[in-house]
Amino acid sequence: MTPFLENCISAICSESEDISKETIIIPNKRASVYIRKYIANYYKKPVWSPQILTIDEWVKSQTDKKVIKGNELLFRFYTVYSGLEGENAESFEKYMSWGRILLKDFDEIDRYLLKPEEVFRDLRNIKELEDWDLERLEAKEIGQYEEKFLGFWDKILDYYKAFSIHLNENEWIYPGRVYKEFALTMNPEDFKQLHFIGFNALSSAEQMILHKLLKRKRAQVYFDMDRFFVDNQAHEAGRFFRAIRKRWEDIQLDHQVKDYLSKGNRKFELIASADQVAQVSLASQILVDIEKRGEINQTAVVLADENLIDPLLRSLPDSITTANITMGLPIRRTSIKNLVEILFNIQERLLKYGERSLYHKDVTQLLELPVLRKTLPEEELKKVEELQREILQTNLKFLEFDTLLPKLPKFIQKNFPIIRKWNYADRKFLDAYIGLTSELLKSDQISDLESETLILLIDILIKLKSFLEEHQNIEISYSIFKRLLNEEIHNSQVDFLGNPIEGLQIMGILETRLLDFKNLIFIGMNEGVLPAGNYSDSILPKDLKLYHKLPVQQDKDAIFSHHFYRLTLRAERIYGIYFTKTDMTSTGEMSRYLMQIKMEYPSLNSGNMVVEKTYKPKDEAIDKEKVIIEKDELVESRLDDLFEKGLSPTALNTYLSCTLDFYYRYVLRLKEEDKVEEDIEHSTFGSIVHEVLENLYTPVVGKNLTIDFLQKAQKLIPSETTTSFEDRFGKNGFKYGSNQLAFQVVQDYVKKFIKQEIQFLKSNPNKTLKIVSLEEDLRKEFEWEIAGKKRKICFQGKADRIDEWDGIKRIIDYKTGKCEPVNLKVKDDNVQAILKDDGKKFMAQVLLYDLMFDSKQEVEAGIYSFRNMKEGFMKLTRNFKSREEFREEFISELKKKIEEIYDPKLQIQHNPDAKYCNYCMLEK
């Protein structure tokens, strides 16, 4: 079928004596390119184009006043409001929560030509009834709150009138007032040869304007309407046309209604997708088929859910080389928004923790921004990388500003107020903000998109600075500035340049107005998305809006209904894709628009075919192959190096838990990525406990432990703990959150430990406890024949403490984890079970310490568990075997385990049954 817009242009051209003198008025700018194309096709020779304007452009051109909106309008209105209220005026921050809503209602009341006196009188009466209480009224108990509450509704009309006077005095006007003044004062005789194409939902002011022109035959109007929409009184797509036809009884509109749906062939595919993102994969597959038919130039992808634009662009088939995006890309979805968010994060942390230091993650994220790194010369980039290494190595959670500033890139140093606490009184931070973004814009390495986004951001910042400087009387805070900037960013977008009449067209539902396509792919066709769910941003109740004929939710739904169904009139293949996954944001239901097509369209015409499908994407995630490592010569060589250097008890326990983890850690020597330890990890917690105890006990090494010494050591616990934490987290890195809790727990552990030592000495006054050594290096070497070759097998470790109690030496290993006495014994002294059972790893570790200490004298080896202090020192338990028998059997079993490690027949693989592997990255 011939597109609607082409029919309209052909009609205008055929009736016009000089097309250049015509004025064509349309809902949106996008259609202007198609209009010029159809004019060129009609005349087939160069002609002067008519004037093509959107209705907003045309109406605003009829006033000499400055049209203001957004934040500028918000500031102007606050000036009026605070002037009326004086000392009783709310702060600007509180005003913002209702000021925008009230301004929107002012705009709508004017646009619909209502008398504000009547609307606000009725609103006040409704609020009075809502707050009415007969008993309190009779008792005259109307409180201060009620008076203030009702007083606000009384004053709205005063605000409206005072604001109108203020705007008139300054020659300012807002959009709704432009329409109202033009509708009431226009002279139709001043206009001729106007053509209004493709309008549907007209405000009262727009209806008055068009009616005046049509009645005097100064304009023509072209509606795109099907008989089914109009004759079916319940159909939303015809709602506005039916109302206009009824209101314009003196204008003949029947010829505007066509009969499309009862003719032609249309195939609808309503496709359910498993989840939201899978919809774009399906759309990509459909596009491949369309391209094979050579119909990409006649195809549009319409995003009911515009959040899917990013995954869609990444999923487009490589063969589609021409795609035009007409919906624009909001700044909030570009990489530049990351810069804005990071700067806000810096401010939030400065407000929370003080202004002397910056949070390490904010600094790192700022320095890692791609748009920032692109601007840095090589020497500056090296400087940044050196700073990032320093942050990791020093493990500082907070970086002192004075020390950090010289290490930052020069253009950040130049605009340093942007990373200090913002002073909203002098606005210097805005100069720094503009300076920083301007420096980024100078780089020739940034993309065109980044460049355009930065230009938009700079314009927004300059505008905000102008507002703030003009309104010095308004006190600005962080939250106010953030809302103002985010509001401007929310309403700004980067417009893509492209050819809107060639290639694949990607658009939102509003951009489809006036256009027709042979193939349509709708993505995100879920109830609650199209049409959107109920949302009210008005102080006017629904009943009051209905009474005064102001638009309500049903009217908004009807607008989108017309946009959607109009597209189906001349299309041949329509794909409606929705997702069925239910979550907090979606019920997983098909849009009622699709449901209506399914129920109604086939009965209108046998050529309207509707099929339903379910899309099940191929699971591209291949089953993870089991990682199996063969023991080749290289692995054998690395094992030789490892055992010659010395295998630690921790390494042995790792092997017992998972051979693959042992391979990665100790054979390949891989480790986790370096990062700032923001919240204390278990290993660091244990290290600090060990360090504090070592520092406290060092003065008494080689001496007998006394109660007096331990009592003095108790007083040093806070300072020693503070020193250890500062070494790892800096002065401020453990004063908040989980680190603060860990700081207290370490002190608690050490205090309880020393208290228990004191009690132990008091209970045994005739015995001595001597500290032999702390953190002593131990080592034991063997020469065994392993895998047919003599090999040097060494074990090494560090004993946390060796002491001598009543003449018997004890090897003590501190554990901040949980250990029970049962973990240090085996049934019937079965040594073989120790190296086979992951649950006996504590016993294996203690036996290794005993083995490495290699004393001929009686030695007790055991563990002190800080999470099980009531047990005190827990020693390795033997029932009937001597220490020497136990040692010899353990050495024999240890040799077998080493032979297993070298055995080429036993492959290295992941152990999914190990408890450790619940947290193992190999399984994620």
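Tutor: Let's start with helix H28, residues 649-657: eight of its nine residues are buried, so the helix is largely enclosed by the rest of the structure. Buried here means under 20% relative accessible area, with exposed being over 50% and partly exposed in between, using a 1.4 Å probe on protein chains only. Helices are DSSP runs of H or I with at least four residues, strands are E runs of at least two, and both are numbered from the N terminus. The buried residues in H28 are Pro649, Ala651, Leu652, Asn653, Thr654, Tyr655, Leu656 and Ser657. What covers them includes helix H29 (659-667), strand E22 (789-805), helix H33 (841-853) and helix H34 (883-902), where contact means heavy atoms within 4.5 Å.

Quick ground rules before we move on. This is a predicted model, so local features need pLDDT of at least 70 and side-chain atom pairs count only at pLDDT 80 or more, while totals for chains, interfaces and linings use all residues. Residues are numbered from 1 along each chain as its sequence is written, and side-chain values use heavy atoms, with hydrogens and water left out.

Now for the nonpolar side. In soluble globular proteins, nonpolar side chains tend to be buried together. A nonpolar core, as used here, is a set of buried Ala, Val, Leu, Ile, Met, Phe, Trp, Tyr and Cys residues joined through side-chain atoms within 4.5 Å. The largest one has 89 residues, and Phe92, Phe106, Phe481 and Leu485 have the most contacts inside it. Leaving aside neighbours within four places in sequence, Phe106 touches Phe77, Phe120, Ile156, Tyr159, Tyr160, Phe163 and Tyr174. Another core lies apart from that one, with 81 residues, among them Phe4, Phe199, Ile209 and Phe223.

Next, the rings. Phe, Tyr and Trp rings (the six-membered one for Trp) pair if their centres lie within 6.5 Å; planes under 30 degrees apart are stacked, over 60 edge-to-face, and the rest tilted. The whole structure has 66 aromatic pairs. One of them is Phe564 with Tyr593, stacked at 5.6 Å centre to centre with 20° between the planes. That pair links distant parts of the chain, 29 residues apart: Phe564 is in helix H25 (residues 553-567) and Tyr593 in helix H26 (residues 592-604). Phe564 is buried at a relative accessible area of 0%, and Tyr593 is buried with a value of 0% too.

Tyr593 also turns up among the contacts of Glu236. Glu236 is in the loop between helix H11 (227-231) and helix H12 (239-247), and counts as buried with a relative accessible area of 18%. Leaving aside neighbours within four places in sequence, the contacts of Glu236 are Asp557, Ala558, Ser561, Arg592, Tyr593 and Gln596.

Rings can have charges over them as well: the rule is NZ of Lys or CZ of Arg within 6 Å of the ring centre and within 35 degrees of the ring normal. Arg420 lies over the face of Phe401, 3.7 Å from the ring centre. The charged end of Arg810 sits over the ring of Phe873, 4.8 Å from its centre.

That brings us to the charges themselves. Side chains of opposite charge can pair when their charged atoms come close. A salt bridge needs a side-chain nitrogen of Lys or Arg within 4 Å of a carboxyl oxygen of Asp or Glu, and by this rule the count is 71. Arg76 is buried at 7% and Glu72 is buried at 12%, whereas Glu470 is partly exposed at 45%. Lys66, Glu72, Arg76 and Glu470 are linked in a network of salt bridges.

Last, the cysteines: a disulfide requires two cysteine sulfur atoms within 2.5 Å, and the whole structure has zero. Cys794 is buried at 0% relative accessibility, and Cys819 is buried at 0% as well.
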